[in-house]
Amino acid sequence: MKFYETEKGVVVHSNEAFFKALRYAVMCIAFIIIAVLFSQGLTTLNILCLILLSLLVTTMLLVRVVIQIDIINNRYRQGFMLFGRTTGTWVVVNKISYISIFPTLGSKTRSLPILAVGMVSDIHVKELRINLIVDDRKRIMLQSNMKLLESRKAALELAELLQIGLYDCTGAESVWLKD
């Protein structure tokens, strides 16, 4: 989990799966269009389209989904970061409460062994999520798909930086790692 402090608060880079999938889908479509344009020859219109598509692909590679937390003014925003500039609307909250490490039950589809050709199965996996809790009830997912020790270390460092508590819900009993 990548996070750092700026003059407007703490920026946390999210690993949101939907945006990653969208990014790669748009880039694949752009590469297909570029290949088609190259096959048609280099006319002025095709060169202009190639330049625009190249800019789109470069932008998609550089843009990141981030969550910016301003602990002083009790607000946060979820948005995109490009060249150090963050977009998104600030959401003012009454209280930035704490950070939690929370296990969720996810499912993944996998293929069965070669004997059962064409068959797939859903398996259930335990996924750890690091959440920012605001107003004592609302969860904002900061990170997911981390190993236990890695998530505890990252969440503890972030809690120290934000000077808020850390609640660990991963064990048999839920405990405060930092008050």
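This is a predicted model: local features need pLDDT of at least 70, side-chain atom pairs count only at pLDDT 80 or more; totals for chains, interfaces and linings use all residues.
Good morning. Let me begin with Asp168, which is buried, with a relative accessible area of 2%.

Asp168 has a charged partner: Arg152 forms a salt bridge with it, and the closest N and O atoms are 2.6 Å apart. Arg152 belongs to helix H3 and Asp168 to strand E10, residues 165-168, so this pair ties together parts that are 16 residues apart in sequence.

How many salt bridges does the structure hold? There are three. In another of them, the side chains of Arg75 and Asp70 meet at 2.9 Å, N to O. Here Asp70 is buried, with a relative accessible area of 6%, while Arg75 is partly exposed at 23%. There is also a salt bridge between the side chains of Lys95 and Asp136, at 3.7 Å, N to O. That pair links distant parts of the chain: Lys95 sits in the loop between E6 and E7, Asp136 in the loop between E8 and E9, and they are 41 residues apart. Lys95 is partly exposed, with a relative accessible area of 42%.

I turn now to the nonpolar interior. In soluble globular proteins, nonpolar side chains tend to be buried together. In this model the largest nonpolar core has 23 residues, and those with the most contacts inside it are Ile69, Ile99, Leu132, Leu142 and Leu158. Which elements each supply at least two residues of this core? They are strands E2 (9-13), E3 (64-70), E7 (96-111), E8 (120-134) and E9 (138-144), together with helix H3 (148-162). H3 gives the most, with five residues.

Apart from its neighbours within four places in sequence, Ile99 is in contact with several residues, including Ile130, Leu132, Ala155, Leu158, Leu162, Ile164 and Tyr167. There is also a second, separate core of eight residues, and among them are Met27, Ala30, Val57 and Met60.

Next, the strand pairing around E4. E3 and E4, the latter covering residues 75-82, pair in the antiparallel sense over seven bridges. Within this pairing, the bridge partner of Ile69 in E4 is Tyr76. The hairpin of E3 and E4 has four residues between the strands, and Asn74 there takes a positive phi near 50°.

With strand E5, residues 85-86, it runs antiparallel and is joined by two bridges; the E5 partner of Met81 is Thr86. E4 and E5 form a hairpin with two residues between them, and in its turn Phe83 has a positive phi of about 55°. Strand E6, residues 91-92, is likewise antiparallel to E4 and is joined to it by two bridges. There, Arg75 stands opposite Val92.

Finally, the cysteines. How many disulfides does the count come to? The count is zero. Cys49 counts as partly exposed, because its relative accessibility is 28%. Cys169, in turn, counts as buried, because its relative accessibility is 16%, and the cut-off for buried is under 20%.

Thank you; I am glad to take questions.

Technical notes: Residues are numbered from 1 along each chain as its sequence is written. Side-chain values use heavy atoms; hydrogens and water are left out. A nonpolar core is a set of buried Ala, Val, Leu, Ile, Met, Phe, Trp, Tyr and Cys residues joined through side-chain atoms within 4.5 Å. Buried means under 20% relative accessible area, exposed over 50%, partly exposed in between (1.4 Å probe, protein chains only). Contact means heavy atoms within 4.5 Å. Two strands pair if DSSP finds at least two bridges between them. A disulfide is a pair of cysteine sulfur atoms within 2.5 Å. A salt bridge is a side-chain nitrogen of Lys or Arg within 4 Å of a carboxyl oxygen of Asp or Glu.
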